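Colleague: I'd like to learn how to read a model like this one. Could you walk me through some of its features?

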4 protein chains.
Amino acid sequence: MKKLNYGMVGGGAGSFIGQAHRRAIRIDDLAQLTAGCFSRSAEISRKTGTELGVADDRCYASFQEMAAAEAAREDGIDFVVITTPNVSHYPACKAFLEAGIPVSCEKPLCLTLEQALELQALARQKDLPFMVAYTYMGHVTAKHIRRYIQGGNLGKIRMVMAEYPQGWLAHEDDWGGKQGQWRCDPSQAGKVNCLGDLGTHIENAVSMMTGLKIRRVLARLEHQVPNRVLDDNDVVLLEYEGGATGCYWASQVAIGHDNDLRVRIFGENGTIEWRQETSEQVLVTTRDGIRTDLHRGDAGILPGAAKYGRLPSGHTEGWLESMANLYRSFCQCLNAKKEGIFVPEMIDYPTVDDGVEGVRFVEACLASSEAGGIWVDL
Amino acid sequence: MKKLNYGMVGGGAGSFIGQAHRRAIRIDDLAQLTAGCFSRSAEISRKTGTELGVADDRCYASFQEMAAAEAAREDGIDFVVITTPNVSHYPACKAFLEAGIPVSCEKPLCLTLEQALELQALARQKDLPFMVAYTYMGHVTAKHIRRYIQGGNLGKIRMVMAEYPQGWLAHEDDWGGKQGQWRCDPSQAGKVNCLGDLGTHIENAVSMMTGLKIRRVLARLEHQVPNRVLDDNDVVLLEYEGGATGCYWASQVAIGHDNDLRVRIFGENGTIEWRQETSEQVLVTTRDGIRTDLHRGDAGILPGAAKYGRLPSGHTEGWLESMANLYRSFCQCLNAKKEGIFVPEMIDYPTVDDGVEGVRFVEACLASSEAGGIWVDL
Amino acid sequence: MKKLNYGMVGGGAGSFIGQAHRRAIRIDDLAQLTAGCFSRSAEISRKTGTELGVADDRCYASFQEMAAAEAAREDGIDFVVITTPNVSHYPACKAFLEAGIPVSCEKPLCLTLEQALELQALARQKDLPFMVAYTYMGHVTAKHIRRYIQGGNLGKIRMVMAEYPQGWLAHEDDWGGKQGQWRCDPSQAGKVNCLGDLGTHIENAVSMMTGLKIRRVLARLEHQVPNRVLDDNDVVLLEYEGGATGCYWASQVAIGHDNDLRVRIFGENGTIEWRQETSEQVLVTTRDGIRTDLHRGDAGILPGAAKYGRLPSGHTEGWLESMANLYRSFCQCLNAKKEGIFVPEMIDYPTVDDGVEGVRFVEACLASSEAGGIWVDL
Amino acid sequence: MKKLNYGMVGGGAGSFIGQAHRRAIRIDDLAQLTAGCFSRSAEISRKTGTELGVADDRCYASFQEMAAAEAAREDGIDFVVITTPNVSHYPACKAFLEAGIPVSCEKPLCLTLEQALELQALARQKDLPFMVAYTYMGHVTAKHIRRYIQGGNLGKIRMVMAEYPQGWLAHEDDWGGKQGQWRCDPSQAGKVNCLGDLGTHIENAVSMMTGLKIRRVLARLEHQVPNRVLDDNDVVLLEYEGGATGCYWASQVAIGHDNDLRVRIFGENGTIEWRQETSEQVLVTTRDGIRTDLHRGDAGILPGAAKYGRLPSGHTEGWLESMANLYRSFCQCLNAKKEGIFVPEMIDYPTVDDGVEGVRFVEACLASSEAGGIWVDL
């Protein structure tokens, strides 16, 4: 596979997620960082770029400038990675799409459904690959579950219980640092905090694993920590098309939980349980009551998922590999496009369509909660 | 402690719960079965009684007859245990209370709040001890958590996530046997199945552990299995007095779960996690992020709870001991009453008051669900 | 089943194990305590007896007197339970056997192989049922494993890793109380402490589960706590007949462990893992790598084991039920003897033969360790 | 930190470990692959090199040629990574050391103690950094434990129970593929298989975590699978200087285990338990019986270890990060050497000294086992 070039928007000093994307991309060495807008200050952007091995003339102080300049170069970047706070996702994505550059953007895709639909339309019109970094769907086990359920193994799905508790923002005082500050600040995070950060991961995980479409939601968005403006603890009831029901819980004030995304899917013929923090295993109980504990490298992992594994079972893979798996498929698609051999079935990463659904989910929940907890159709 | 005499209503052949009560009572040998109405057929009742060592003349064919006869005997029973299907709880409890005989009744206490309040009033008026068999509150660890939270260790409670999934009624066909049949039959179970059977356990566990009072509920009662009339999968959102919120889930169609009552209580200063199936331990995380795993026999178990333990840590205690612990306190109170040394602080078992709250909870949830999912005050 | 009468030697105030036997026997109500020698002081013995509902004239100050008196009564006890410190096991067992009274004795059976063989011969000669209380073999799951392996499901067994760590005697100072004192005192416990108390449980568990016969052992008995005379931490290497090998570890100084008997059996066709503290489950991995987690009440539990369960899965059974299961089979055999319908296949409890093997194991390990760690044939 | 250049010996097509080293090194981007001898065939070596972005003139067909050529270049490699089967470790290490090039070598270091001591002496004489890839010691939690114990938190260590079971070679037939073939072939693996592959990891983990020095060993090396020449299941008893004792178990035929390195360290003041497959946590029980579950990102992780973490707790790190952590320290030391600011305290990776101890351990165990299981001094 030909090595690609990519640029980054965001990801400067103190950024957790930008560095994480870079590390994940390096694991398979499928793309090289060659341009970036790491800060709004030209000086800082260049300084960061130098540390990351990016040439001075490809360090930019605005993403608009970067999109234009890179589009104009013959050796311009093959895709851009956007890892800024939420508020900048939309304009940055739009700028690169309009410049004809494929995009990988952090979730949530943007702040409003209107923005999301515009980006979706733009990506389609320009025929540009667009990945939204719902990281956890890169886990081999998550990919296995998606295929396992698509294969009809659970029968009709009856209900989904999913949660994503964290505890790092449980305190009023200075926990959370830079990461916490922007997430709790409406000017950077938008109208929701926890729901956008964690709730959308739940929505995406359930959607990609089960294929269920949400019909309507009833949500309660709370802020449990005094003096907080945005939500930090949310519960959502759901009804899916076809009669299944669900309940999602996302929290940043659940002391004792680190990053505990957990999905339980109950079908008429069995149950699947998956937990991000122990993503090397999948628990399955079949209708006859046999409980099995499937490990990432086991023969029972379906081939389309198993091929993403890099190490034998017990040689643990984690978050970085999960992200790397998204980029593996994304880069394969980009290369296939270049070679003219792309077909949509190659896509094995969350796309702008998934990003749109995430924003749609957030808007519906917000509307429900603001109305005191009523059912809102999606 | 003087050995007491007790009678039983229900608990004939094929009854799971009647036999369980008898075994639990025998562990500590605090009371002896000396009378019973084990069936509506005089012959069957006597046959069962004979097998259980009950004299022929104290085997009855109706609880009314039994209450009258035992009340009239000088050596009449000291208390009665009622383990019939739900529909008979109210008339049986009433008959014995009116006859002046203390009662231990299975949960849910009865079918309507009106009935419950009447029983509560009657017990108060007659000054009769009245236990409702919320078994799980007998676990040493459950008792510890109640005391630990009363001691202020979690600070203000923010939210409670509790669930009680089972999987034994996941199938349309003949799973569940006698136990399942009556629970799914409105004429025996009342207007709810899962919510009365499991939901009330959740409500009681959270109430007894946290002391929180429910302000209002929003419930969705579902029947996921085709051709079922009563609910088999329920989700309830809650608001408590003081600002805490909660979410309860009860299910009988969750394949892979046996009897998985699990309570997570999140406070501003820490989190407690407890699971009935691993009731020998309590997981506590404090505000500073220290996660501890406390075992039943550890020095950290508070004395008022630790005294109920019978075996050293690692010599597992289970469901029977939990039930036995309820009877230990109940019998101590009965004996103290006889000796004139009873004070209310001795009560360390769920009472008719808890039973009333369970029925109140069920009625409110039912009202909410029938109205399509609206908030209903308690 | 006809209710039997039993007597007890030991089990006075402060005794953990005597009371535990009584509670376990009561669960199924198959036998009633009607005689006892609870202390060497006539007064104390009678006082304890009174508390336990034993008639004055059947409270004895010596087991010799008790054996003679009970044998002489027409309504004498049907069996005796011996729960004294180790040193008294042999003379007490002998006295009752000679008096023609069946015996249930705590482990280890006695202090020397010579004694053990004598008791075995005596029991055979008198044709008297003799149970040795290896409690853990009463667990439904332990019974299942025994049958599962007998059925050939693991193929040839290759190795066994088994351990029994406790931590309660980790300190030099006054931990352990009365229980710890006699166990560390050669005049009451014999030549070994930890090996007799815990090591014999391992030996018995592996033997009963696998049917493997030990060919030879190489042992290292240590005392890790200063000023202790007897062993408190032991490792034993084993070779079984047929080529399998093993390693056992027993410890009372393993801080963090309560009562953690754990057996892992590796065959050419699969692996079984069982842990006493989570005895409601069995982990099985088959040759093709499928890991299953079988619960006590699951359909996969073999019928001969499943019949011992009292409660549905998830309604936890524990140590007391395990002991009660031993007595269930013991009492059934005693009743069958009375009725003349006994056949040896009815025996489903550890017998004096198992007790002999335990003592043989201890002697061989002791010889190996004293010789500096050499292989010693059994 | 200046980016270094490295070369690789081994790691061609079908190699698991060579690719793993390359990926791990890329995570932090501290070094770039610029030379290699990926095969004994010049053509294959060049083909692999091309795929990996190595220039043609730096793809070699022998490590001797490579060592000479790279040493002669001004822009020669800064270090070499040796990932061949065991038999080539010694000559390859020697060649590069003699050429003055720092080495990172897979474990076991080599086949005989004589070889090991020669490599150690050579590295010292040439003053060349030399890492041995005991991967698991790179885990943040492993580093924490080392520091925690060095700080005296466990008091005197009493015993160590450590094991490393795998199940992938449980079958006689064609399991294990290329990886299994060379490991079971004396001409490539040396005199031991399992002991060298897994046993040395145990030895190193215990040594680095506890600082204990082995005084003597008693070993039993077995081959459980028919027709196998080398060991596949080993048990070793140990005595350490100072009175602590230990027991290690390594197996490749333990069906149900993937890569289950697990170390339990028991001190007079507490116990530490660590498991490679769940390396994001450390279980600690203190003398007073408090059990804690420490996570990688928790505040309780000691700073010298915590600094290696890349992601917040719950964003799982695994095997690759562990290896990357070894290279992080190795590259820092190499850079510090270049800059003349190196001090030995900077070394935070297993060195040739650890490699020597591993080989010494293997030789002593082999001698013990061949003598039928006698104590052999180290």
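Predicted model: local features only at pLDDT ≥ 70, side-chain atom pairs only at ≥ 80, totals over all residues.

Colleague: Let's begin with strands. In which sense do strand E12 and strand E13 of chain D pair, and over how many bridges?

Modeller: The thing to look at is the direction of the strands and the bridges between them. In chain D, strand E12 covers residues 281–286 and strand E13 covers residues 291–295, and the two pair in the antiparallel sense over five bridges.

Colleague: You brought up peptide bonds. Where is the bond cis in chain B?

Modeller: Go to the bond from B:Lys107 to B:Pro108, which is cis with omega near -5 degrees. B:Pro108 belongs to the loop that runs between strand E4 (103–105) and helix H5 (113–126) of chain B. In chain D, the bond from D:Lys107 to D:Pro108 is cis too, with omega near -10 degrees. D:Pro108 is placed in the loop between strand E4 (103–105) and helix H5 (113–126) of chain D.

Colleague: On to interfaces. How many residues does each of chain A and chain B bring to the contact?

Modeller: Start with who touches whom, then ask how much area is lost. Chain A brings 47 residues and chain B brings 47 residues. Between them they bury about 3,500 Å², with 49% of that on carbon and sulfur atoms. On the chain A side, A:Arg158, A:Arg220 and A:Ile255 lose the most area to chain B, together 20% of what that side buries.

Colleague: What about charges across that interface: how many salt bridges are there between chain A and chain B?

Modeller: Four salt bridges. One to look up joins B:Arg291 and A:Asp258, whose closest N and O atoms are 2.8 Å apart. Several strands of chain A each supply at least two residues to the side that touches chain B, among them E6 (157–165), E7 (214–222) and E12 (281–286). By residue type, that side divides into 17 nonpolar, 17 polar and 13 charged.

Colleague: What rotation superposes chain A on chain B?

Modeller: In general, two copies of a chain are related by a rotation about an axis and a shift along it. For chain A and chain B the rotation is 180 degrees, the shift along the axis is 0.0 Å and the RMSD is 0.0 Å. The two copies are therefore related as by a two-fold rotation axis. In chain A, the C-alpha nearest the axis belongs to A:Ile374, 3.7 Å from it. Also, 100% of the interface residues of chain A are interface residues in chain B as well, so the copies meet through the same surface.

Colleague: And chain B with chain C: what area is buried there?

Modeller: About 2,300 Å², of which carbon and sulfur atoms give 54%. In chain B, B:Arg23, B:Arg26 and B:Thr316 lose the most area to chain C, together 23% of what that side buries. The contact takes 26 residues from chain B and 25 residues from chain C. There are two salt bridges between these chains, and B:Arg23 forms one with C:Asp28, at 3.4 Å between the closest N and O atoms. On the chain B side, helix H1 (16–28) and helix H11 (319–339) give two or more residues, and H1(B) provides the largest share, six residues.

Colleague: One last stop inside a chain: which side chain does A:Asp127 contact?

Modeller: The side chain of A:Asp127 makes a polar contact with that of A:Lys337, at 2.9 Å. A:Asp127 is in the loop between helix H5 (113–126) and strand E5 (130–132) of chain A.

Terms used: Residues numbered from 1 in each chain as written. Chains lettered and ligands numbered in written order. Heavy atoms only, no water. Pairing = 2+ DSSP bridges. Helix = DSSP H or I, 4+ residues; strand = E, 2+ residues; numbered from the N terminus. Contact = heavy atoms within 4.5 Å. Buried area = accessible area lost by both parts, 1.4 Å probe. Salt bridge = Lys/Arg side-chain N within 4 Å of Asp/Glu carboxyl O. Nonpolar A, V, L, I, M, F, W, Y, C, P; charged D, E, K, R; others polar. Least-squares fit on C-alpha atoms with pLDDT ≥ 70 in both. Polar contact = N/O pair within 3.5 Å; in protein donor to acceptor, adjacent residues only side chain to side chain.
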